[in-house]
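Subject: Structure for you to look at, with notes

Dear colleague,

I am passing on a structure, together with some notes on what was found in it.

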Amino acid sequence: MKKYLMILSSCIALIMLLGSCSALHNAEPESDKVENIKDDLVYDAYTAYIDTSGAEGVSGKIETSKQLIYIKKSDIPAPTQNKMSVDILGKTLNAEFSQSKVWAVFTPSYVYNTAKGDKITVDASGKVISFTSSSSSSNIIEYVDRDKALSPEESLAKAIEYFTEILGEEILSRYSAELPDTSMSVVRIRFRRNDSAFGSYSIDDKIIIKLDEEGNLLGYDLYNVGAYDNKKIPEGFNDEKIKEIINASLIDNKSDIEVSDQRNLVILPDGRMACNTCFRLADGETVGEWTSVLIPLE
């Protein structure tokens, strides 16, 4: 059970992808979108890409013709712009390229730093997906001045103000957040989409706003905001179809396939949606390891 939970946690960690943000976050000039980073990172629709690292089937190691490959920092091409200018919360920030990084497992991103020490992360299209204020580096997590600290209700209200300024009231209406933990000097407020419209499938569509104990903005992270809009589960994509797709990628499989009921919808770097779940091979009462699989749905 413990190993099963670890595999499922790995599945959930695949959720990534980088959604569209507010027009307020377009870098000037906007960099060209990264298409296929390299040939073995291209994912075809309705094809099962299987993570076989350490996975055992009923009669030995699982063999597949389509292996799930995770993007590495070395796979990310150089940015098209070494300098950028972007408006954040009414201020124009000028920044220089610092480093490339993998954002949420699959997606290439680029980090830019301002002279003041602010950190801005953009996706391959130039949209801001993360902002960290220079003031956050001096924030001490262990110490909270209770005389100055906001209550959970006040912190949430302040985060809503920032949310509205960053993304607008219309987008705010789609999200909600619980009262945050204010016991530390970094207060994280997580806004999640109210209605995913995907039934039992989980999605990763959220905004995290970070404040200090007094309500000052330390930064924010955007995950797939708007990326699931106008997408749907294909008709006929059920357990039998999933098993059929998985079996087509397995080499010489003579065992039954059991699919986990924990299923996530993730966004690939090119904006397409994919199903991420786990499966294992079974032969009577003998079963293999749970193994992660990714199936693009478009």
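Tyr112 has a relative accessibility of 4% and so counts as buried, where buried means under 20% relative accessible area, exposed means over 50%, and partly exposed covers what lies in between, with a 1.4 Å probe and protein chains only. Please bear in mind that this is a predicted model, in which local features need pLDDT of at least 70 and side-chain atom pairs count only at pLDDT 80 or more, while totals for chains, interfaces and linings use all residues. Residues are numbered from 1 along each chain as its sequence is written, and side-chain values use heavy atoms, with hydrogens and water left out.

First, the aromatic rings. A pair of aromatic rings is described by the distance of the centres and the angle of the planes. Rings of Phe, Tyr and Trp (its six-membered ring) are taken to pair if their centres lie within 6.5 Å, and planes under 30 degrees apart count as stacked, over 60 as edge-to-face and the rest as tilted. By this rule the count comes to 8 aromatic pairs. One of them joins Phe97 and Tyr112 edge-to-face, with 5.7 Å from centre to centre and 70° between the planes. This pair links distant parts of the chain, since Phe97 belongs to strand S5 (residues 91-103) and Tyr112 to strand S6 (residues 107-114), 15 residues apart; helices (H or I, at least four residues) and strands (E, at least two) are DSSP runs, numbered from the N terminus. Phe97 is partly exposed, at a relative accessible area of 27%. A second pair is made by Phe163 and Tyr175, whose centres are 5.8 Å apart and whose planes meet at 50°, so the pair is tilted. Because Phe163 lies in helix H2 (residues 152-167) and Tyr175 in strand S9 (residues 175-177), this pair ties together parts that are 12 residues apart in sequence. Phe163 is buried, with a relative accessible area of 1%, and Tyr175 also counts as buried, at 6%.

Strands of a sheet pair through backbone hydrogen bonds, either parallel or antiparallel, and here two strands are said to pair if DSSP finds at least two bridges between them. In this model 9 strands form an open sheet, in the order S4-S5-S6-S7-S8-S13-S12-S10-S9, with antiparallel pairing. Its edge strands, each of which pairs on one side only, are S4 (83-88) and S9. From one strand to the next, the twist averages 30°. Within the sheet, S6 and S7 (residues 119-123) pair in the antiparallel sense over 5 bridges, and Val111 stands opposite Thr121 in S7. Helix H2 packs on the sheet, where it touches S9, S10 (186-193), S12 (206-212) and S13 (217-223), and its direction makes about 125° with that of S12. Here contact means heavy atoms within 4.5 Å, while axes are lines fitted to C-alpha atoms, for helices over the stretch in contact, and angles run from 0 to 180 degrees between N-to-C directions.

Which strands does S16 pair with towards the end of the numbering, and is S16 mostly covered or uncovered? Strand S16 (residues 273-283) is mostly covered, with 10 of its 11 residues buried. It is joined in the antiparallel sense to S14 (residues 256-259) by 4 bridges, and to S15 (residues 264-267) by 4 bridges as well. S16 also pairs antiparallel with S18 (residues 291-296) over 6 bridges and with S17 (residues 286-287) over 2 bridges. Among the partners, Val259 is bridged to Phe279 in S16, and Cys275 to Ile295 in S18. In the hairpin of S15 and S16, with 5 residues between the strands, Gly271 takes a positive phi near 95°.

Finally, the protein as a whole. Its secondary structure comes to 4 helices and 18 strands, and buried residues make up 50% of its 298 residues.

With best wishes
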